[in-house]
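Hello,

Here is the structure I promised to pass on to you. Have a look at it first, and then read on for what turned up in it.

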Amino acid sequence: GALQAAGRSSEALAAANEIIERWDDRPAGYLARGAIRRDAGDVSGALSDFSRASDLAPTDPRGRMFQGQVLLQQKRWADAERVLESGLDRPGAAPPLSYFGMLLQAKARRGANGAEISATLDRARAVHGDAADSLVRTRR
């Protein structure tokens, strides 16, 4: 948030903790604290908060998306793939196109075969139409 952007990370963390204390059954505080922890290099804390946000709001793709992002940064390809795959068939808001992009990256880095990559791209097309083609770079 604004406090973190202003370089006031300890205040931002305190605010996120206060939100969690007041509304521990809502994902917003966990998403905020997870982002603060991620930016501070606390990978396990960030993953824990993003996982809790996912548990609280299973139809909201953000918790899994942020978990996947952290796992990709850690080069934990199979873990990122597992987390991101787990969010595809949930009811509710469709995952954004960037979510599918992260999933494709995790699969490619893990060494997935062409059929696996194509199947994921087809799933992205089913949700996002032709915009999903932007996920594939053509090399010349």
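A residue is called buried here when its relative accessible area is under 20%, exposed when that value is over 50%, and partly exposed in between. Please keep in mind that this is a predicted model.

Let me begin with helix H6, where that definition comes in handy. Trp77, Ala80, Glu81, Val83 and Leu84 are the buried residues to look for in H6. An α-helix has 3.6 residues a turn, so residues three or four places apart point the same way. What lies over the buried residues of H6? The cover includes H5, helix H7 (97-110) and helix H8 (114-128).

The phi angle of Lys75 is near 60°, a positive value in a residue that is not glycine. Is Lys75 buried or exposed? Lys75 counts as exposed because its relative accessibility is 60%, and the cut-off for exposed is over 50%.

Next, please find Glu116, which sits in helix H8. Glu116 has a relative accessibility of 27%, so it counts as partly exposed. Leaving aside residues up to four places away in sequence, Glu116 touches Glu81, Lys107 and Arg110. Glu81 is one of the buried residues of H6. From Glu116 to Leu135 is 19 residues in sequence, and 15 Å in space from C-alpha to C-alpha.

Now for the chain as a whole. The protein chain has eight helices and zero strands. Its C-alpha atoms fill a box of roughly 50 × 30 × 25 Å along the principal axes. Of its 140 residues, 35% count as buried. Among contacts between residues at least 6 apart in sequence, 45% join residues at least 24 apart. The chain exposes about 8000 Å², with carbon and sulfur atoms supplying 48% of that area. As for charge, there are 21 positive and 18 negative side chains, and the centres of the two sets lie 5 Å apart.

Finally, the empty space. Rolling a probe the size of a water molecule over the atoms shows where such space is left. How many cavities of 30 Å³ or more does a search of the whole structure find? The search finds one. The largest cavity holds about 40 Å³ of space, and the residues lining it include Pro58, Asp60, Arg64, Gly87, Arg90 and Pro95.

Enjoy exploring it!

Best wishes

Terms used
Residues are numbered from 1 along each chain as its sequence is written. This is a predicted model: local features need pLDDT of at least 70, side-chain atom pairs count only at pLDDT 80 or more; totals for chains, interfaces and linings use all residues. Side-chain values use heavy atoms; hydrogens and water are left out. Helices (H or I, at least four residues) and strands (E, at least two) are DSSP runs, numbered from the N terminus. Buried means under 20% relative accessible area, exposed over 50%, partly exposed in between (1.4 Å probe, protein chains only). Contact means heavy atoms within 4.5 Å. Accessible areas come from the Shrake-Rupley method with a 1.4 Å probe; for residues, only the protein chains shown count as cover. Lys and Arg count as positive and Asp and Glu as negative; His and the chain ends are not counted. The place of a charge is taken as NZ of Lys, CZ of Arg, CG of Asp or CD of Glu. On a 1 Å grid over the protein atoms alone, a cavity is a set of points where a 1.4 Å probe fits but cannot get out, and a pocket is an open set with protein on both sides within 12 Å along at least five of seven lines; lining residues have an atom within 4 Å of a point. Grid points are joined across faces, edges and corners, and a volume is the space filled by probe spheres set on the points.
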